[in-house]
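Keep the structure open as you read.

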Amino acid sequence: MHRTGDLYGQFETLEQQKETASLGMWVFLVTEVLFFGGMFLTYTINRSAFSTAFGIGSNTLDITLGAGNTVVLIMSSLTMAMAVWSAQVGKKKLVSIFLIATLGLGTVFLGVKGVEYKQKFDHHLIPGHGFDMKYHPTHPMPGDDPKELALEKKEVEEALAHDPDINFHGQLYFSLYFGMTGLHALHMIIGAGLLIWLIKGSFAGRFTPQYNTPVEVVGLYWHFVDIVWIYLFPLLYLIDRHR
Amino acid sequence: MQSQLPIYPEQASNFAPQVDALMVFITAICVFFALAITAAIVIFFFKFHRKKPDDVGVAFEGDSRLEAAWMIVPLILAMAMFGWGAVVYVDYRHAPQDTLDVYVIGKQWMWKAQQPNGLKEINELHVPVNRNIRLILASEDVIHDFFVPAFRVKMDVVPGHYNTMWFRPTKPGRYHFFCSQYCGTNHAIMGGWVTVMEPSDYAAWLSGSSGVSANPVLAGEKLFAEKTCITCHVGDGTGRAPSLNGVYGAPVLLADGSTVTADESYIRESILLPNAKIVAGYQPLMPTFQGQLTEEQILALTAYIKSLQSQPVPAKGSGIAPPTGKK
Amino acid sequence: MTHEDYLNATYGIRSWLLTTDHKRIALLWLGSVTFFFFIGGILATMIRIHLLTPTGALVSPETYNKLFTMHGVAMIFFFLIPSIPAVLGNFLIPLMIGAKDLAFPKINLLSWYIYIVGGIFVLYSFGTGGLDTGWTFYTPLSSVYSNSAVTPAVIGIFINGFSSILTGLNFIVTIHTMRAPGMTWFRLPLFAWAHYATSLVMILGTPVVAITLLLAGLERMFHLGFFNPALGGDPILFQHLFWFYSHPAVYIMILPAMGVISEIIPTFARKPIFGYSFIAGSSIAIAVIGFVVWAHHMFVTGESTYAALTFSFLSYLVAIPSAVKVFNWTSTLYKGSISWDAPMLYALGFIGLFTIGGLTGLFLACLGLDIHIHDTYFVVAHFHYIMVGGAVMGYVGGIHFWWPKITGRLYPEALSRAAAVTLFVGFNLTFFPQFILGYLGMPRRYHTYPPEFQVLNVLSTAGASILALGYLLPMAYLTWSMRYGKVAGPNPWPATGLEWTTDSPPPTENFHVTPEVTWEPYDFQDRPDLGLAAGSPSPAPAHGDD
Amino acid sequence: MSEHIVSPKIYFAIFASLMLGTGITVWAAFQNFGKLNIVIALVIATIKATLVVLYFMHARYSPKRTQLVIICSIFWLAIMLGMTLSDYDTRPHEMQPGVTRLEPPAAPQAFTA
């Protein structure tokens, strides 16, 4: 199909094209909801069966990094929304600035995620043969707070009395932790790729009040990724924090 | 004739008549509808065959009352099927209080059963007639399914769960049971026999076989399955090891071309040092059972293998040297 | 005089592999699903030959298990699910609604490439060690115990899922936003309604099976425990997730076939379809109710009695819209002007086989009866009646119906009628005995069986050889007709759909001018352009729609 | 149909509410509400997600069709979660996941494999 200006050949009008693109993205997001939904279901069943192990697993996560990342991601959603707004009102320069800001915040999020993964690796909390819930409390790393370590140790020991299979069930928690955050991070990486493509377009001044469909559609995707995290954060980081 | 081309299996439990009645009920309704639709299609097909190439049919577009009728009538019939089926199912899922409990464990690819007095069986299940039997099912590896067609009952055997099923056998006899959830390579031969006995026979069987069986052949048969000999030494010669049917006392052709008579000492040596003499055409796969069997058990196994003398020798897959064999 | 059409607009392999024309993409799909149908068919033939004797005539147990697993995977994921939507749907939906193309032509092409990549992974698995888990991939057999090439197969099916999702997405958006002027929702062909319902299932179900198989694959690769009870996981959870997609997936297979039948019947009975809105509505009802019946695959797994009752009840509800369709098709024949062309024979064959398939579903949905027939040959027969008797009959019938539109040629009439009858007879002989086998208690997936079941198995194998002939015949004469068939003209039957108002084969842009729809669907009375004796035999003209 | 342009003021207001929500959810996690902890966390998350969908994603100003799509996704997610969980909630104890170490139901004697 040939393309005339911004209008692709299969469409009659720009408005039809925009409506179609936006509906397409919404329908795609429905499939994403169910894609993540399958994982959330697996999580729910296992968490209710092994709540002790999931609580301990959750408490090993760094809540400061998690909450910080939540703030970063919400902020990136704001800048994304502002990028869409800038395109709608025709402020071409602002479009580029807000897109770059979104990409920057997204990168920060991924960087922090990387730091957290590294921590888990050091603490022998990667599911598999080396997995050991007791490793970290018994092998302190430089910079660890001895009080917290003692607490963690006590927790694991108490839990063992209730749940002798704590190492298996803890592994389930971490399998789900890596599965869900990994899938989320993959979506972030794809989103970052889309942002780079948009930034190139915005430098060329392509996005105008008449034609801003790509910015709007990528925006929808980005906000969806944000929503997934809004659920992941309490479900993974905030179990049994009050203990 | 039931034996020629039967259309339903034997009825041997309390559930069998119930399930068969359901089957008849649903079949009757379905046959009625299938015939009605087929008849309508066939009649219309011929009666309204196009006469001239440019003919057009009579246009009418629908009738809401008719549509309502053919939604409501099938719905009522469907609800009847649902209701009746549900009654049978709820009964099946809720065992009565006075059951005789037997543990059944599935593993790739055999069934182990344990009677209330601790007696264990392999690929066999003995139960008294007219008693409520509850099977408590567990799996050691993958999902299996315990299925007795003559009783019309089955239940999955799921690792990590305990499932239960119950039935009341109503007719003494021997009935096939199958594994009906696909469980890997030998899924199809993971089956056995349920023996339904008169209560007195069952009591005698229980006491007679408790502890070490008085009958060495029976004890050997149990061992033969328990030590998984049966998975390779398949009777019909299709296993990875030769069939043992009729082997006792017969000449056996070895891999080095020599022949040996399968007597007690050969059997004993083959159990304890299996790689000493390999039957022609087979790989040295068998593990040694040295230290794993008591003398008594070896005797029992030997007795069992002797008893196979009367079994039919398969054409292929036996270690017995052909009668015209050299020397 | 040759006019330019989509087939001769451009030449060269690149013009096909990089095309964004929905009609060319449909032909790419036609080629690739036929390839997988062949693979599945050869495997099926080997299965039937093996089961000629009680001890198994052909292969070892391991090989037999691989045969039926690979047969299932190839047929379900790589033939049945894409067959009608990706071939006929792709070709026809834009034509039927008067659009120049689908909403997202590039995504449409991407969808085919994703399928090919997924297919390569699965073929790699078949070639290196095969697959012996059953197409259902039940854990922990698939994730821990199987020694076959499970990982590449699971990855292949995961990838292939996105092909399905993108096709469904494309259809939904296209039907919403690309309709020609005058093409209101209730003037849509029922084929388009059926595809809309199918697409709903594709976009709502497929992501769940994708994530499930991904988790199972990860479990196998990294020894995780999502569904492995030895590590705390729950195999029943896998079944819930798997069937949440895989039960609705049977509606992905059957709904488009129902759409095909709803087109063929009014065309060859030359009258408006009876109860248009009920057939359209029942497609949506099947798609929606089809999502809440999945655990009827799990009545004997130990799911709770309460859940079993709920799912059995809902399963009976889904029978009603299917029955509505059958009754309406049959009523359409009444006082029609019925021709005995091959597509009509396929359509009537479909109704017969689908009726048996659907009615036997009532047996399986019945809780008390399912205890006995679950996982036996009864189930095998039931779903083959739906999927082969239903979906494949619909697919082959649809190919015959639209072949003149796709290629511009007609096929030999007598031969095609003979093929339809052969298929019907062969099919019944193959699968009807399996109902009896199942009730007698022969479990499925058995490479060996007690000798008393032999007679019925031999009958089944005999039928299969007739069935195979019934499939080879159309392949031969359809291929022949592409070159030597009679030129068809734009509307050979004639039929009322928009797709028949354009050239055969259609031009790349589908229509020379954007069409405007002014008539009701399947209306032969007010269509002088069809050249029929319009309205003559009927004293009662179609009174306006209400 | 001219599209609705949401003013930046609303965006910033939503952003502020999301921040507030994040703060509350972290605070609430450290209080012991018993079984209510998870409920509170999910309610707050749902409020946050709703705000994002309605305003950042313009669902409030979108055509009915888009709103229907959103409702569909929630509905189907609810079917999947709800109906599966209803099975688990009504199963007897010995059929729950991960009970391999428990004794079998009413064992007359030791259960050995």
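In chain C, helix H11 (residues 342-365) and helix H14 (residues 413-440) pack with their axes 9 Å apart, at an angle of about 10 degrees. Helices here are DSSP runs of H or I with at least four residues, strands are runs of E with at least two, and both are numbered from the N terminus. Axes are lines fitted to C-alpha atoms, for helices over the stretch in contact, and angles run from 0 to 180 degrees between N-to-C directions. Angles under 35 degrees count as roughly parallel, so H11(C) and H14(C) are roughly parallel to each other.

Which residues make this contact? From H11(C) they include Leu345(C), Tyr346(C) and Leu353(C), and from H14(C) they include Ala420(C), Phe424(C) and Phe427(C). Two residues are in contact if their C-beta atoms, placed from the backbone, lie within 7 Å. The residues of this helix pair divide into ten nonpolar, three polar and two charged; Ala, Val, Leu, Ile, Met, Phe, Trp, Tyr, Cys and Pro count as nonpolar, Asp, Glu, Lys and Arg as charged, and the others, Gly among them, as polar.

A word on the model itself: it is predicted, local features need pLDDT of at least 70, side-chain atom pairs count only at pLDDT 80 or more, and totals for chains, interfaces and linings use all residues. Residues are numbered from 1 along each chain as its sequence is written, while chains are lettered from A and ligands numbered from 1 in the order in which they are written.

Stepping back, chain C has 15 helices and zero strands. Its C-alpha trace spans about 70 × 50 × 45 Å along the principal axes. Of the 546 residues of chain C, 68% count as buried, that is, with 20 or more other C-beta atoms within 10 Å of their own, C-beta atoms being placed from the backbone. Among contacts in chain C with a separation of 6 or more, 83% join residues 24 or more positions apart.

Now look at where chain C meets chain B. The contact takes 83 residues from chain C and 77 residues from chain B. On the chain B side, H2(B) gives the most, with 17 residues. The residues of that side divide into 48 nonpolar, 17 polar and twelve charged.

An automatic or database domain assignment gives domain 1 (7-41 + 66-210) and domain 2 (216-310) of chain B. Four residues of domain 1 of chain B are in contact with four residues of domain 2 of chain B.

Methods
Angles under 35 degrees count as roughly parallel, over 145 as roughly antiparallel, 65 to 115 as roughly perpendicular and the rest as oblique. A residue is buried if 20 or more other C-beta atoms lie within 10 Å of its own, exposed if 12 or fewer, and partly exposed in between; C-beta atoms are placed from the backbone.
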